[in-house]
Amino acid sequence: MIILGIDPGYAIVGFGVLEKDRFGVKVLDYGVITTPKDDTMPVRLQTIYDSLCKIIDKYKPDCMAIEELFFQNNQKTAINVAEARGVTILAGMQKIGRLFEYTPLQIKQALTGQGRAEKKQVQYMVKAILGLSAIPKPDDAADALAAALTHAQTNQILGNNDIK
């Protein structure tokens with residue numbers, strides 16, 4: 001099974017692609033999609049959509065695991081992130097068809113055993129579980145890998161939280 005993990009955003013979208021089989025989990029790719037701050041929001045959304053479609057076409061994931069949003073103080077930023085997340089979900093539904101959402105608490109719990117773990121603890125566990133030589137950078141890529149790992153490790157335990 002190939003899992004595409006997503007850390008949603010509009011300036012930076014983190015992605016991580018994992019392959020899970022009976023022997024374990026391995027990293028196929030990870031990185032970020034960035035949008036220029038001078039671009040209009042519609043152009044940024046198009047960039048996210050197009051870039052994500054290329055990643056999906058390249059790796060042909062079986063499902064997408066995406067981090068749910070938690071609301072911030074800045075309403076304009078929250079709306080922009082929500083719009084970008086919507087475009088991300090649209091690309092996933094159109095091209096993959098199977099999406100799973102995980103809260104930050106679920107991701108922390110799955111990777112560290114503690115729902116209130118610090119970001120550094122989660123990043124360390126991503127590195128350790130995947131056998132990487134360093135914590136993935138930037139943080140958005142590590143967060144996307146954490147979402148994918150959460151799905152790889154817990155989807156049977158959490159039951160069917162398929163959005164479809």
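Predicted model: local features only at pLDDT ≥ 70, side-chain atom pairs only at ≥ 80, totals over all residues.
## Surface and overall dimensions

Of the 164 residues, 45% count as buried.

The C-alpha atoms fill a box of roughly 45 × 35 × 30 Å along the principal axes. Among contacts between residues at least 6 apart in sequence, 62% join residues at least 24 apart.

The protein contains five helices and five strands. Read from the N terminus, these elements follow the order β-β-β-α-β-α-β-α-α-α. The radius of gyration is 15 Å, close to the 15 Å given by the globule rule for 164 residues, so the protein is as compact as a globular protein of that length.

## The sheet

The five strands of an open sheet are arranged in the order S3-S2-S1-S4-S5, and their pairing is mixed. Strand S3 (24-34) and strand S5 (99-102) form the edges, each pairing on one side only. On average, neighbouring strands of this sheet are turned by 20° against each other, direction ignored.

In general, strands of a sheet pair through backbone hydrogen bonds, in either a parallel or an antiparallel manner. Strand S4 (residues 63-67) and S5 run parallel and are joined by four bridges. In S5, Glu101 is the bridge partner of Ile66.

## Helices across the sheet

Helix H2 (residues 75-95) lies across strand S1 (2-7), S4 and S5. The direction of H2 is at about 165° to that of S4.

Helix H3 (residues 104-112) likewise lies across S4 and S5. In this case the angle is given relative to S5, to which H3 runs at about 85°.

## Packing of H1 against H2

Helix H1 (residues 41-59) packs with H2 at an angle of about 30°, and the two axes are 9 Å apart. The crossing of these helices is right-handed.

On the H1 side, the contact is made by Met41, Leu45, Ile48, Tyr49, Leu52, Cys53, Ile56 and Asp57. H2 contributes Asn80, Glu83, Ala84, Val87, Thr88, Leu90, Ala91, Gly92, Gln94 and Lys95. H2 therefore takes part in two arrangements, since contact means heavy atoms within 4.5 Å: H2 lies across S1, S4 and S5, and H2 also packs with H1.

Key
Residues numbered from 1 in each chain as written. Heavy atoms only, no water. Pairing = 2+ DSSP bridges. Axes fitted to C-alpha atoms, helices over the stretch in contact; angles between N-to-C directions. Rg over C-alpha atoms; globule rule 2.2 N^0.38 Å. Buried < 20%, exposed > 50% of the residue type's maximum accessible area, 1.4 Å probe, protein only. Left-handed = near helix turned anticlockwise from the far one by under 90°.
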